[in-house]
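Here is a brief report on two local features of one protein model. Please look over the sequence and the structure before reading on.

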Amino acid sequence: MGFYEDYISRTPASAKEAKRAQAVIPGGVGSAIQFWSPYPIYVKDSKGAYVWDMDGNRYIDYCMCYAAMVAGHADPIIAEAISEQARHGTLYGMPGPLAAELAEEIRRRYPVIDMLRFTQSGVEATMYAVRLARAATGKMGVLKVEGAYHGANDALLVSTAVPTSTAAGPEWMPSSVVESAGIPEGAWKHTYIVQFNHIESLEYQLKKHEGDIACFILEPCMTNGGVIPPDPGYLEDVREITVKYNVLLIFDEVKVGCRIAEGGACEKYGIKPDLVCLAKAIGGGTPLGAFGGRKDLMELISPLGPAVHFGTYNANPLTMAAGLACLKKVLTAEKYREMNRLGERYAAGLEEIIERVGLPACVTHEGPLGGIQFVPEKPHTYRQANSCNKAMWREYWYGMLSRGVIPMGSGWFEEYSISAAHTEEDIDETLNITEDVLKAIKS
Ligand SMILES: Cc1ncc(COP(=O)(O)O)c(C=O)c1O
């Protein structure tokens, strides 16, 4: 029996639930990324580093809700903060004291953020940051990286993959390809694409569209395409060149923010963007995002200025309480050190296994986030990562699942995420399972 068949034979209850859900929910899932063939596991419980599916199978979880569950599942401190707040109300539609406290904690971690506004998600954070950049500069053009995902908003859902239906364009001048039906041309025709870790590509587009570009939105460490860290000097060059062309620099730290360091990529790489987008880690497992940065820019937000930012659920006390518990009580400096230590141990262990087994694969990582890439050389761009052996990745995915590990998010381009709840024993157990699975793939 192959890995795929193993997976199906141990998940009959998930199969049944998928059938039920598919009748009322497209694909039976809340977001396309939650679907994999022929059906995903349906989760009935979670705790720490583990989730249990409806058949009672336990999995060591490295998807961690696409890196959002930094504290681990059902953390008792966060759960208590949520229940305590729920007893006092979940939505006021008027401000309370928790929002400023959380904003202050984020500003402590990110000195580059003078002021911020909260959203419910990462997609809203990037959408509002781009709107603000356009409002501040009066220019409409937006630069983004090929293969980078910034959420499903109309202006940014462009070239999140290497196109297969049209020519991809040369590496230094990738084509802009809209990734969904239903997006009007006007929404994305000002979105231009550059290659990650390729400063000539950025300079080419800046020159070509000089005077039209409001901002460059960039994940400083790419997390679509596995984890692709910036090459030495790349971010410094990006900062210099965006200043030279008078273009605002937005760091999309939705995934890496408060994750690869207390102060995310800004701290890790020592770069000062104009605006930063956050989500995932800052909400302690509840739906929370934020965008913030320079005071002069943030003061353009309504009611102070002309750039509108609205939302019934914005800065609601429930997510504020969860975020505060997560950032102030759970994610201590010690926890970051431990997550990084485990991240190093896991990446080194994976590299040794790949070497021993002799597979054309490699490991890329930034602290606790990383991934096995089924390409022989570490990729520096999404295009290089995209040339991976997808059939081999698929075997790895089902092999790990059928042995009780969710090794990463559910696509070759996702990453593994080690949380504050993972232990050395989890890592070592996972490495043993990985060795068995990769040996089976090799044979
Ligand atoms: C870098 C990045 N930006 C934005 C988003 C969108 O965030 P959300 O799913 O919270 O809307 C994601 C989602 O994974 C992301 O990885």
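## A buried serine

In this predicted model, S410 has a relative accessible area of 11%. The cut-off for buried is under 20%, so S410 counts as buried. S410 sits in a loop. That loop runs between β13 (405-406) and β14 (416-417).

## What surrounds S410

Which residues does S410 touch, leaving aside its neighbours within four places in sequence? The contacts are I33, F35, W36, Y66, W393 and W397.

Two of these residues also pair with the S410 side chain through polar atoms. The backbone oxygen of I33 lies 2.6 Å from a polar atom of that side chain. Y66 uses its side chain instead, in a polar contact with the side chain of S410 at 2.7 Å.

## Helices α8 and α9

Two packed helices are described by the angle between their axes and the distance between the axes. Helix α8 covers residues 199-208, and helix α9 covers residues 234-244. Their axes come within 10 Å. They cross at roughly 10°. Angles under 35 degrees count as roughly parallel, and α8 and α9 are therefore roughly parallel to each other. The crossing of α8 past α9 is right-handed.

## The helix contact

Which residues of α8 and α9 meet? From α8 come I199, L202, E203 and L206. From α9 come Y234, D237, V238, I241 and K244. The residues of this contact divide into 6 nonpolar and 3 charged, with no polar ones.

How values were computed:
Residues are numbered from 1 along each chain as its sequence is written. This is a predicted model: local features need pLDDT of at least 70, side-chain atom pairs count only at pLDDT 80 or more; totals for chains, interfaces and linings use all residues. Side-chain values use heavy atoms; hydrogens and water are left out. Axes are lines fitted to C-alpha atoms, for helices over the stretch in contact, and angles run from 0 to 180 degrees between N-to-C directions. Helices (H or I, at least four residues) and strands (E, at least two) are DSSP runs, numbered from the N terminus. Angles under 35 degrees count as roughly parallel, over 145 as roughly antiparallel, 65 to 115 as roughly perpendicular and the rest as oblique. A crossing is left-handed if the near helix is turned anticlockwise from the far one by less than a right angle, and right-handed if clockwise. Contact means heavy atoms within 4.5 Å. Ala, Val, Leu, Ile, Met, Phe, Trp, Tyr, Cys and Pro count as nonpolar, Asp, Glu, Lys and Arg as charged, and the others, Gly among them, as polar. Buried means under 20% relative accessible area, exposed over 50%, partly exposed in between (1.4 Å probe, protein chains only). A polar contact is a pair of N or O atoms within 3.5 Å; within protein, one must be able to donate a hydrogen and the other to accept it, and residues adjacent in sequence count only if both atoms are side-chain atoms.
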